[in-house]
Amino acid sequence: MTTTVHNHRMRKGLSACISVFTLLCACMVVAPLGLVFIHLVRMGASAVNLDFFTHIPSGPGEPGGGMANAIVGTLILLGLACAIGVPTGVLGGVYLSEFGSLRVNWAIRFLCDILNGVPSIIWGIVINGLIVIPMKSYSAYAGGLALGCLMIPLVMRTTEEVLVLVPNGYREAALALGIARWRTTIHIVMKSAARGIITGILLALARVAGETAPLLFTALGNSFWNNDLSKPIAALPLQIFAYAISPYDNWHRQAWAGALVLVGFIFTLNISVRFLTRGKPVRV
Amino acid sequence: MERTQEITPQPKPAAPLAATEQSQPPASRNAFEVANLDVWYGQKHAVQDVTLNIPERTITAIIGPSGCGKSTFLRCLNRMHELVPRSRMTGSIRFFGEDLYAAQIDPAVVRRRIGMVFQKSNPFPTMSIAENVTVGLRLNGIRNRAFLRDRMEQSLRMAALWDEVKDDLGKPGVSLSGGQQQRLCIARAIATQPEVLLMDEPASALDPIATMKVEELIHQLSRDYTIVIVTHNMQQASRVSDKTAFFYLGKLVEFNDTDQLFTRPREKQTEDYISGRFG
């Protein structure tokens, strides 16, 4: 009798220890995020003002200036990336889920996962060789393409995953009404999973929005306004990089501010994903 | 194989699937003539050498224990079994004399003329009640609003659902009760005005009152439609059907008028099954 009581205490004690340990691990996961965010706010908040959003960078060592061109540049690059990554990724996901044979799909999925693991700087180099060198200029197109290529596998896999969740009964019901397969796919299957597809796109956007490496050899960066997509264009991560390695205090502050704005943007994207996925994406 | 065919809808076959004749012969015609039908799923021989004729404007029930191939047989009648990967079929099925599986026939056209209601009610979750009923027409290219509105009301009335939903047509189809959802699915199936309605255990997920309503509805529909209904429930088969086919282990054991089959079965297996000795 006593031994069982003893065992019981031991087990309770052990259970408590492990609970505390797992809690600590969870804190270690969350803590860096909190620390980074606090540090960013402390260092950058003072430089985030109206000028920051409306002015282009000032000259070296001069006070004032902002990152308006880099903010717009990042939005343009993300737009281009979407134009390339979203149709390719979504249609690829549709193929994997709705068409294609088991074996072909296995191969595509495997390659897609490898693609997902390719370091982003490799994309920068590849696009540099494919676009920048033949066109003899760094350009927004090249930057957008590099980001788009990063998005494709992300969008493709999430699209596939949400489409597979659509119950087969809906496909059967539509096909049994004599509705053509492509219409069934668009109007029944994709519509049912629309929320999930959009979520996947936003997550992919949030992921590539902060990418710096693929832009180094493609978009290059620009201290001035540029509306010509075939010319180098500014981007927030590039501007942060350039300012952070500069010797000027003003630029350092601006780099912190840029980082804060970028994190805020990605944070907003993630929040909107949460908002979108709050309802049930698919009713089974 | 069927998947690739359906990506682009083919034009209607040159000889339309059985133009309905004005002067009907006195003896009722056969809607389906099935000869030596065999179906495999991979290695599984699901339907074995089935031959039977299904007359038009009658209710034909298909009974048998689970896994006897009755659902598979039903799905062959509108080419739905082709959606299952690794399925294979031999034999012939003629629909009003025309080969359903001829190379030039588009399965989508077949399914427009041979509608189907499933065991589990499946209204589309993204659509309202009204949209659910008209979806078969809209996604086959019909845009005329007045026409769609009329057909919607007519179909819901035929499905005995109109009075219950006429004030809530804009609500989601999935907001209805189980029995109402199933009648909504029946309305959706008849909105495209098929000639045949295939029903795969349409009442097995419903409570007795909803079942009764669906059975009444089936009875009403048989004036205009040829109905083939798969059911687990022998009482249901004897209540609603004119003819009954008994399937066992993939084979057609007996096919006869319903009252004959249930009162004087010719086969020992049929007698054992309907008297509850197995299955």
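Strand β3 of chain B is mostly covered, with five of its five residues buried; buried here means that 20 or more other C-beta atoms, placed from the backbone, lie within 10 Å of the residue's own, while 12 or fewer makes a residue exposed and anything in between partly exposed. This is a predicted model, in which local features need pLDDT of at least 70 and side-chain atom pairs count only at pLDDT 80 or more, though totals for chains, interfaces and linings use all residues. Residues are numbered from 1 along each chain as its sequence is written, and chains are lettered from A and ligands numbered from 1 in the order in which they are written.

Back to that strand. Both faces of β3(B) are covered: Ile59(B), Ala61(B) and Ile63(B) are buried on one side, and Thr60(B) and Ile62(B) are buried on the other. Strands here are DSSP runs of E with at least two residues, helices are runs of H or I with at least four, and both are numbered from the N terminus. What runs alongside β3(B)? Strand β3 (residues 59–63) is joined by four bridges to strand β8 (residues 226–230) of chain B, and the two run parallel. In this pairing, Ile62(B) sits opposite Val230(B) of β8(B). Strand β9 (residues 243–248) of chain B also pairs with β3(B) in the parallel sense, again over four bridges, and there Ile63(B) faces Phe246(B). Strands count as paired if DSSP finds at least two bridges between them.

Zooming out, these strands belong to an open, mixed sheet of six strands in chain B, in the order β6-β7-β8-β3-β9-β10. Strands β6 (114–117) and β10 (251–257) of chain B stand at the edges with a single partner strand each, so one side of each has no neighbour in the sheet. From one strand to the next, the twist averages 15°. Helix α7 (residues 178–191) of chain B packs on this sheet, where it touches β6 and β7 (196–200), and its direction makes about 170° with that of β6(B). Such angles run from 0 to 180 degrees between N-to-C directions, and axes are lines fitted to C-alpha atoms, for helices over the stretch in contact.

Is Glu254(B) buried or exposed? Glu254(B) counts as buried, because it has 20 C-beta neighbours inside 10 Å. Apart from neighbours within four places in sequence, Glu254(B) is in contact with Phe246(B), Leu261(B), Pro265(B), Arg266(B), Glu267(B) and Thr270(B); contact means that the C-beta atoms of two residues, placed from the backbone, lie within 7 Å. Pro85(B), by comparison, is 169 residues from Glu254(B) in sequence and 30 Å from it in space, C-alpha to C-alpha. Chain B as a whole has eleven helices and ten strands, and 46% of its 279 residues count as buried. Of the contacts in chain B between residues at least 6 apart in sequence, 70% join residues at least 24 apart.

Now for chain A. Two packed helices are described by the angle between their axes and the distance between the axes. Helix α3 (residues 68–98) and helix α9 (residues 194–209) of chain A pack at about 135°, with axes 10 Å apart. That angle makes α3(A) oblique to α9(A), since under 35 degrees counts as roughly parallel, over 145 as roughly antiparallel, 65 to 115 as roughly perpendicular and the rest as oblique. On the α3(A) side the contact includes Thr74(A), Leu78(A) and Ala81(A), and on the α9(A) side it includes Ile197(A), Ile201(A) and Ala204(A). The residues of this contact divide into eleven nonpolar, two polar and no charged. Nonpolar covers Ala, Val, Leu, Ile, Met, Phe, Trp, Tyr, Cys and Pro, charged covers Asp, Glu, Lys and Arg, and the others, Gly among them, are polar.

Helix α11 (residues 236–244) of chain A has buried residues too, among them Leu236(A), Ile240(A) and Tyr243(A). The cover over the buried residues of α11(A) includes α3, α10 (213–216) and α12 (249–276) of chain A. Asn49(A), in turn, lies in the loop between α1 (2–44) and α2 (50–54) of chain A, and counts as partly exposed because it has 13 C-beta neighbours inside 10 Å.

Finally, the two chains meet. The contact takes 19 residues from chain A and 26 residues from chain B. On the chain A side, α7 (168–176) and α8 (181–192) are the elements that give two or more residues, and α8(A) gives the most, with seven. By class, that side of chain A has ten nonpolar, four polar and five charged residues.
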